[in-house]
Amino acid sequence: MDTSRLLRTTGTVIAAAGLLLSGCTSGGSGEPGAAAASLPSAPPSPDAAALRPYYAQKLTWRDCGVPGFQCSTMKAPLDYANPGSGQDVDIAVSRRTATGPGKRLGSLVVNPGGPGGSGIGYLQAYAGIGYPAAVRAQYDMVSFDPRGVERSSPVECLSGPAMDKYTQVDQTPDDAAERAELVAAFKEFARACEAKSGRVLPHVSTVDAARDMDLLRGVLGDQKLHYVGASYGTLLGATYADLFPDRVGRLVLDGAMDPARPALELNRDQTEGFETAFTSFATDCAKQPDCPLGKGDPDAVAARLKEFFRKLDAQPVASGDPDRPLGEALATTGVIAALYDESAWPQLREALSSAMNGDGSGLLSLADSYYEREADGKYANLMFANAAVNCLDQPAAFTGPEAVDTALPSFEKASPVFGAGLAWAALNCTYWPVKATGKARELTAKGAAPIVVVGTTRDPATPYKWAQALAGQLESGTLLTYDGDGHTAYGRGSECIDTAINRYLLEGKPPQDGKKC
């Protein structure tokens with residue numbers, strides 16, 4: 001299959017960064033966790049004396065080593081509450097200038113989600129070359145790695161070998177010893193993040209990133225922000241709009257989150273989302289001659305997958321890496337990764353078939369793409385930044401293991417296959433070393449120009465009802481619906497969706513509220 005497409009979709013996951021990047025910020029992306037906006041009463045004025053030098057800075061563009069793209073570094077205050085402290089963070093920025101012909105409309109900033117997804121990687125591998133030619137002709141395509149991510153003062157936590165162990169920890173503990181092991185893994189992850197990244201951990205919230213985005217708008221010379229955000233990127237975009245409504249240009253929020261839902265509800269909603277996506281996969285799989293989960297209705301297919309996970313929990317199978325046999329944790333991650341995009345379903349069938357016959361390499365490869373693990377054993381910092389942002393943006397979903405026990409029945413009802421694992425994965429923020437600065441609340445962006453909110457009816461990571469909720473909260477929100485599978489809708493093959501968004505970006509005409517494709 002097209003691996004870049006899989007990475008494009010899984011890279012937009014939003015999560016609370018448990019062992020899975022599957023929760024709603026995720027992300028995730030990630031996975032399962034959730035993030036919501038942490039909003040102060042009012043943003044600092046860009047005209048404030050301490051911020052003026054940041055808005056006045058000039059970007060020096062240089063060659064990126066990627067044909068057609070330029071790169072630069074922007075300075076931002078580490079702490080927006082004290083911008084005159086002299087402590088800064090470096091924000092990496094990249095662009096591809098408008099190709100023409102036609103009138104240049106300014107910059108179009110794009111974000112793939114996460115939290116923790118690299119905007120620069122997304123721009124250079126996909127958006128800057130794969131967005132519609134008419135859009136690239138009239139906009140400078142721009143992105144940045146948000147603070148704490150990859151090239152922008154990154155959060156660092158575990159080493160590669162330590163991450164390998166972390167991703168294999170049993171996410172469905174069956175006894176006291178396994179529960180203790182899972183809690184210990186979360187605590188060690190948090191300690192490592194604090195030890196290596198204590199300076200930046202208190203300052204990587206979504207609100208901080210939104211303020212950086214306004215700073216970027218200013219140094220790019222744009223009066224208004226034009227923006228396309230996917231998955232967690234919708235939370236970032238909506239937060240920006242609520243903070244700076246008068247600076248909103250053309251905003252597309254695709255695969256939307258609901259910032260008003262607390263972490264526990266977001267995680268449970270997302271669990272339902274993965275069940276919906278799996279039901280679509282199971283229905284299709286049962287029709288295929290190579291379906292390793294057999295025939296029958298989706299419940300029967302799900303039962304067979306759950307039984308396979310149970311066997312892996314007891315006895316992992318070989319994966320080609322002696323240090324990482326395919327157990328239940330990695331197998332679950334691999335399946336979830338493939339549920340983000342229906343084009344990955346054939347690959348998932350093949351990987352499951354091989355694993356059921358003793359070769360776990362296919363599912364391990366899917367899990368590695370999800371965690372952004374390279375062949376040399378190094379991990380991108382997606383998981384680290386994901387946890388740092390999510391755990392700052394909202395109070396933890398659970399106060400401890402006992403709270404997970406209480407919630408387990410509702411999670412398992414939401415998804416018999418994934419519920420338990422996704423519930424336990426949401427425990428990670430419980431042990432985070434920095435207290436959350438935000439909470440769930442509605443974002444209204446009062447006075448903003450029209451904002452297009454896009455929802456996919458069978459989206460696994462950002463359930464459709466979240467898009468409905470966000471469009472309803474935003475004073476100028478317009479809901480655009482895609483009746484289909486997969487995570488996000490723009491650029492995924494729907495001419496109806498693409499035409500509506502392109503017209504909005506190029507002509508400023510949003511689709512009629514409630515339009516369905």
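Strand 8 (residues 451-458) and strand 9 (residues 477-485) run parallel and are joined by seven bridges; strands here are DSSP runs of E with at least two residues, helices are runs of H or I with at least four, and both are numbered from the N terminus. Within this pair, Val452 stands opposite Thr478 of strand 9. The structure is a predicted model, in which local features require pLDDT of at least 70 and side-chain atom pairs count only at pLDDT 80 or more, while totals for chains, interfaces and linings use all residues. Residues are numbered from 1 along each chain as its sequence is written, and side-chain values use heavy atoms, with hydrogens and water left out.

Strand 4 is mostly covered, with six of its six residues buried; buried means under 20% relative accessible area, exposed over 50%, and partly exposed in between, for a 1.4 Å probe and protein chains only. Strand 4 pairs with strand 5 in the parallel sense over four bridges, and with strand 6 in the parallel sense, likewise over four bridges. Val109 takes part on both sides: Val142 stands opposite it in strand 5, and Tyr227 is its bridge partner in strand 6.

Turning to the helices, the axes of helix 9 (residues 263-285) and helix 10 (residues 298-314) come within 9 Å and cross at roughly 100°. Helix 9 is therefore roughly perpendicular to helix 10; angles under 35 degrees count as roughly parallel, over 145 as roughly antiparallel, 65 to 115 as roughly perpendicular and the rest as oblique. Phe278, Thr279, Ala282 and Thr283 of helix 9 make this contact with Pro298, Val301, Ala302 and Leu305 of helix 10. By class, these residues comprise six nonpolar, two polar and no charged; Ala, Val, Leu, Ile, Met, Phe, Trp, Tyr, Cys and Pro count as nonpolar, Asp, Glu, Lys and Arg as charged, and the others, Gly among them, as polar.

Helix 9 also packs against helix 12, at an angle of about 75° and with the axes 11 Å apart. These two helices are therefore roughly perpendicular to each other. Ala277, Ser280, Phe281, Asp284 and Cys285 of helix 9 meet Trp345, Leu348, Arg349 and Leu352 of helix 12, giving six nonpolar, one polar and two charged residues in the contact.

A further packing pair is formed by helix 12 (residues 345-356) and helix 13 (residues 361-371), whose axes are 7 Å apart at an angle of about 130°. Helix 12 is thus oblique to helix 13. The contact involves Gln347, Leu348, Ala351, Leu352 and Ala355 of helix 12 together with Gly362, Leu363 and Leu366 of helix 13, of which six are nonpolar, two polar and none charged. Helix 13 also contains Ser369, which is buried, with a relative accessible area of 12%. The side chain of Ser369 reaches the backbone oxygen of Leu366 at 2.7 Å.

Helix 11 is mostly covered, eleven of its eleven residues being buried. Glu342, by comparison, counts as partly exposed at 25% relative accessibility. The C-alpha atom of Glu342 is separated by 7.6 Å from that of Phe281, 61 residues away along the chain. Leaving aside neighbours within four places in sequence, Glu342 is in contact with Asp485, Gly486 and Arg492. The side chains of Glu342 and Arg492 are joined by a polar contact of 2.6 Å, a polar contact being a pair of N or O atoms within 3.5 Å; within protein, one must be able to donate a hydrogen and the other to accept it, and residues adjacent in sequence count only if both atoms are side-chain atoms.

Terms used. Axes fitted to C-alpha atoms, helices over the stretch in contact; angles between N-to-C directions. Contact = heavy atoms within 4.5 Å. Pairing = 2+ DSSP bridges.
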